[in-house]
Amino acid sequence: MESLAGISPNRKNRDRGDLVFGVLRELYNTDGQIGITRLIYRVNTNYNIVRDILDMLSRSGLIEKKSKNEKSEFRVTDKGLRFIEAYERINSVLGQKKR
């Protein structure tokens with residue numbers, strides 16, 4: 001059932017940090033072998049947000065972008081892996097469930 005705002009009442013609003021973590025975690029779990037459409041569905045957001053997050057992660061050195069036959073692949077760097085680990089530790093200390 002959709003609410004008047006167009007958002008399911010069961011859907012929890014996420015902050016940008018949760019979205020960044022979700023994108024980074026999916027790239028890591030799939031070893032970068034995930035298309036943009038599947039990434040959008042897995043993170044449950046839209047193309048513009050995923051594109052902005054991928055650009056930010058690349059500029060920050062958390063992922064490396066490689067173009068291959070007009071497709072882009074993304075590899076999580078060591079810095080990105082440290083971010084994932086730190087984010088998971090922070091959530092566990094705060095008592096939040098893993099996403």
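User: What should I know before we start?

Analyst: This is a predicted model, where local features need pLDDT of at least 70, side-chain atom pairs count only at pLDDT 80 or more, and totals for chains, interfaces and linings use all residues. Residues are numbered from 1 along each chain as its sequence is written, and side-chain values use heavy atoms, with hydrogens and water left out.

User: How many helices and strands does the protein chain have?

Analyst: There are 4 helices and 2 strands, in the order α-α-α-β-β-α along the sequence. Both kinds are DSSP runs numbered from the N terminus: helices are H or I with at least four residues, strands are E with at least two.

User: Which residues of helix 4 are buried, and what puts them on the same side?

Analyst: They are G80, I84, Y87 and N91; buried means under 20% relative accessible area, exposed over 50%, and partly exposed in between, with a 1.4 Å probe and protein chains only. These residues cover an arc of only 65° around the axis, so they lie on the same side of helix 4. The arc is taken from the directions from the helix axis to the C-beta atoms. On the other side, D78, R82, R89, S92 and V93 are exposed. Helix 1 (16-29) and strand 2 (71-76) are among what covers the buried residues.

User: Why is E26 called buried?

Analyst: Its relative accessibility is 10%, and the cut-off for buried is under 20%, so E26 qualifies. R25, at 16%, is therefore buried too.

User: Why is the pair E26 and R42 called a salt bridge?

Analyst: A salt bridge needs a side-chain nitrogen of Lys or Arg within 4 Å of a carboxyl oxygen of Asp or Glu. The N to O distance here is 3.1 Å, so the pair meets the rule. E26 lies in helix 1 and R42 in helix 2 (residues 36-43), so the pair ties together parts that are 16 residues apart in sequence. R42 is partly exposed, at 43% relative accessibility.

User: What other salt bridge does E26 form?

Analyst: E26 also pairs with R25, the closest N and O atoms being 3.5 Å apart. By this rule the count comes to 4 salt bridges.

Note on methods:
Contact means heavy atoms within 4.5 Å.
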